[in-house]
Amino acid sequence: MTRTINLRLDINGTSHALAVEPRVTLLDALREHLVLTGTKKGCDQGQCGACTVHIDGKRVLACLTLAAQAEGRQVTTIEGLAGADGGLHPVQAAFLEHDAFQCGYCTPGQIMSAVACIREGHTGSDSEIREYMSGNLCRCGAHNSIVAAVREAAEMAR
């Protein structure tokens with residue numbers, strides 16, 4: 001018999017009730033139980049950053065976070081970045097402007113990390129941006145465009 005726990009997760013401003021096994025990760029809860037598939041499953045080991053989301057405004061790897069750890073906290077996924085009017089977040093717009101993606105698989109995690117990078121003030125130089133974003137891998141090699149997009153979004157935020 002599989003044991004489940006009841007959770008209430010606040011995701012992108014909406015409360016969701018779930019019954020999941022205690023070992024279910026936040027990533028699997030988002031993708032498999034809530035059909036919020038913008039957060040990607042890359043390595044499933046915390047190495048690639050594709051699953052980056054924000055919990056209470058801080059970036060976390062959803063593949064290494066149990067869903068139960070997010071209960072009572074505010075979770076923001078890539079789907080929750082858009083404005084109330086449905087417009088793109090400035091970082092999303094900058095990624096489009098700078099063509100900061102190729103295959104696009106890492107893009108949601110890159111964008112979520114970029115938002116945190118700007119919010120936390122790690123945009124003093126391109127090397128500082130690269131260091132902060134180093135936990136998010138892009139196998140296609142769009143790193144230069146990603147740095148340019150983060151730099152532009154940070155300048156717009158100032």
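Me: Before we start, what does contact mean here?
Reply: Contact means heavy atoms within 4.5 Å. Keep in mind that this is a predicted model.

Me: OK. Which residues does Phe95 touch, leaving out those up to four places away in sequence?
Reply: Phenylalanine 95 touches Ala100, Phe101, Thr107, Gln110, Ile111, Ala114, Ile146, Ala149 and Val150.

Me: And the largest nonpolar core, how many residues has it?
Reply: The largest nonpolar core has 25 residues. Those with the most contacts inside it are Val91, Phe95, Ile111, Met133, Ile146 and Val150.

Me: Which elements give two or more residues to this core?
Reply: Four helices are listed: α2 (90–97), α3 (107–119), α4 (126–132) and α5 (143–157).

Me: Where does the largest share come from?
Reply: From α3, with seven residues.

Me: What about a second core?
Reply: There is a second, separate core of 21 residues. Leu7, Leu34, Val53 and Cys63 are among its members.

Me: Back to the helices. How do the axes of α2 and α3 cross?
Reply: At roughly 120 degrees, and the axes come within 9 Å. Angles of 65 to 115 degrees count as roughly perpendicular, and those over 145 as roughly antiparallel. The α2 and α3 pair is therefore oblique.

Me: Is the crossing left-handed or right-handed?
Reply: The crossing of α2 and α3 is right-handed.

Me: Which residues make that contact?
Reply: On α2, Val91, Gln92 and Phe95. On α3, Thr107, Gln110, Ile111, Ala114, Val115 and Ile118.

Me: How does it split by class, nonpolar, polar and charged?
Reply: The contact of α2 with α3 has six nonpolar residues, three polar and no charged ones.

Me: New topic. Where does Thr123 lie?
Reply: Threonine 123 lies in the loop between α3 and α4.

Me: Buried or exposed?
Reply: Threonine 123 has a relative accessible area of 12%. Buried means under 20%, so Threonine 123 is buried.

Me: Which residues does Thr123 touch, again not counting those up to four places away in sequence?
Reply: Threonine 123 touches Cys117, Ile118, Glu128, Ile129, Val150, Ala154 and Arg158.

Me: Last one, Gly80. Where does it lie?
Reply: Glycine 80 lies in the loop between β5 (74–76) and α2.

Me: What is the relative accessible area of Gly80?
Reply: Glycine 80 has 29%, and is partly exposed.

Me: How many residues apart in sequence are Gly80 and His33, and how many Å in space?
Reply: Glycine 80 and histidine 33 are 47 residues apart in sequence. C-alpha to C-alpha, they are 17 Å apart in space.

How values were computed: Residues numbered from 1 in each chain as written. Predicted model: local features only at pLDDT ≥ 70, side-chain atom pairs only at ≥ 80, totals over all residues. Heavy atoms only, no water. Core = buried A, V, L, I, M, F, W, Y, C linked by side-chain atoms within 4.5 Å. Buried < 20%, exposed > 50% of the residue type's maximum accessible area, 1.4 Å probe, protein only. Axes fitted to C-alpha atoms, helices over the stretch in contact; angles between N-to-C directions. Parallel < 35°, antiparallel > 145°, perpendicular 65-115°, else oblique. Left-handed = near helix turned anticlockwise from the far one by under 90°. Nonpolar A, V, L, I, M, F, W, Y, C, P; charged D, E, K, R; others polar.
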